[in-house]
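My notes follow, one entry per pair.

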Amino acid sequence: MCPPWAARSWISGMHRPLKEAQTWRLLSQVFPLPQAVMTPKPAGPPDGGWGWVVAAAAFAVNGLSYGLLRSLGLALPDLAEHFDRSAQDTAWVSALALAVQQAASPVGSALSTRWGARPVVMVGGVLTSLGFVFSAFARSLLHLYLGLGVLAGSGWALVFAPALGTLSRYFSRRRVLAVGLALTGNGASSLLLAPALQLLLDNFGWRGALLLLGAITLHLTPCGALLRPLALPGDPLAPPRSPLAALGLGLFTRRAFLVFALGTALVGGGYFVPYVHLAPHALDRGLGGYGAALVVAVAAVGDAGARLVCGWLADQGWVPLPRLLAMFGALTGLGLLAVGLVPVVGNEESWGGPLLAAAGAYGLSAGSYAPLVFGVLPGLVGIGGVVQATGLVMMLMSLGGLLGPPLSGFLRDETGDFTSSFLVCGSFILSGSFIYLGLPSALPSCRPASRPGTPPPERGELLPVPQVALLSAGGPHSTLDTTC
């Protein structure tokens with residue numbers, strides 16, 4: 001028979017593992033390990049949950065990047081007057097910011113792939129704010145080129161592609177709707193910032209306006225803090241080590257992505273011209289400063305509403321995404337042609353009804369096009385490459401973004417108005433939309449075929465699959481397409 005002290009020691013030894021397990025469980029709740037270590041990868045995107053928080057963060061990121069850039073055209077006449085330069089020279093301020101933002105987007109995607117979207121977006125917010133503050137003290141257009149063009153453009157390059165790529169990873173069935181919701185930040189921001197920026201220009205001048213915009217763009221940093229990482233099937237086991245692999249240049253070996261890239265580069269040649277010259281075009285047509293701001297606001301409202309409606313429509317699966325992309329791209333080009341052909345209004349007190357109608361039509365078509373550009377990417381490259389593909393798409397659009405606004409300003413200086421500018425840029429968009437017809441499912445085929453279920457998201461819905469036609473994200477209620 002063992003003594004009592006030995007029995008107590010044996011009983012306490014039996015309870016020690018249980019207490020240690022409870023202690024480790026408590027510590028794991030207080031100090032959680034990385035998600036990849038604690039839990040296995042989910043079967044697919046959660047299609048909601050924290051994804052809606054990410055959508056709200058991407059909404060703010062889009063508003064403080066493209067929405068602000070669209071409204072910045074209101075300051076260009078003040079800059080041209082202050083520095084005594086032409087419309088073409090001042091257009092390079094916005095064009096350079098847009099081009100740097102898009103050309104450097106693959107760098108933002110590569111850094112996000114290596115270090116995660118959260119720190120990259122937070123650093124980008126700081127750089128953007130510093131660019132506006134630096135530009136507020138500019139003594140020449142060169143300072144504006146460096147401040148708004150290079151510094152703020154580099155900051156925007158680090159925020160947009162990682163935020164939108166992270167959002168696409170959180171959704172599958174409602175992906176285009178979520179992307180459309182995030183992209184409405186562009187229109188909502190334009191609706192608010194266009195009259196607000198005009199008010200700031202009237203009361204504080206362009207220097208004070210840029211300084212206040214620097215404080216506003218600093219809010220990109222907390223938006224980046226909300227981008228929680230998400231591990232999914234199809235993700236690489238380790239981050240890419242070589243710079244070329246991190247940039248995702250291997251995606252150009254896929255025929256469908258190559259067709260998409262060529263069409264998107266042409267569309268970019270005209271898509272961003274209204275961001276810079278819609279307000280000056282309204283001024284040239286005889287409207288006053290607030291009338292021009294109203295034109296920008298109407299285009300922004302149509303843009304924002306169409307992004308949500310088109311996102312919902314695309315997720316129903318009634319029409320293949322590439323077909324919708326080509327259709328709304330062509331309507332955007334026609335909308336630009338209509339804006340350019342609007343006649344001159346009578347006086348500055350006029351509301352400019354025809355120009356408002358044309359701007360609204362352009363906003364509806366351009367807003368419908370925007371979510372489709374990014375919504376079709378997972379189907380072309382797979383969910384594992386969507387962040388890199390987003391950066392590459394932004395880089396391709398930068399080729400047109402760098403060409404379009406200066407070309408528009410040059411044509412305005414040569415002809416005296418923006419009519420030829422909008423006609424040429426609308427032709428660019430129509431050409432790119434025609435190239436989109438080479439994408440899978442962009443055109444109806446010759447005989448009906450039944451469709452199986454949606455393939456795994458890590459593969460890509462539009463990647464080639466032998467002898468079958470695939471459903472879009474809409475599920476079993478999608479209408480039947482045809483195949484040969």
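I searched the whole structure, which is a predicted model, and came away with three salt bridges.

Entry: Arg-85 and Asp-89. I found these two side chains meeting in a salt bridge, with N to O at 3.3 Å. Next I looked up how open each partner is. Arg-85 is partly exposed, at a relative accessible area of 40%. Asp-89 is partly exposed too, with 23%.

Entry: Asp-284 and Arg-412. Here I noted a salt bridge whose closest N and O atoms lie 3.0 Å apart. For accessibility, I have Asp-284 as partly exposed at 28%, and Arg-412 as partly exposed at 24%.

Entry: Arg-307 and Asp-303. The closest N and O atoms of this salt bridge are 2.3 Å apart. Are the two partners buried or exposed? I looked, and both Arg-307 and Asp-303 are buried, meaning that each has under 20% relative accessible area. Both residues lie in helix 14 (residues 289-315). Because they are four residues apart there, about one helical turn separates them.

A reminder to myself: side chains of opposite charge can pair when their charged atoms come close.

Technical notes: Residues numbered from 1 in each chain as written. Predicted model: local features only at pLDDT ≥ 70, side-chain atom pairs only at ≥ 80, totals over all residues. Heavy atoms only, no water. Salt bridge = Lys/Arg side-chain N within 4 Å of Asp/Glu carboxyl O. Buried < 20%, exposed > 50% of the residue type's maximum accessible area, 1.4 Å probe, protein only. Helix = DSSP H or I, 4+ residues; strand = E, 2+ residues; numbered from the N terminus.
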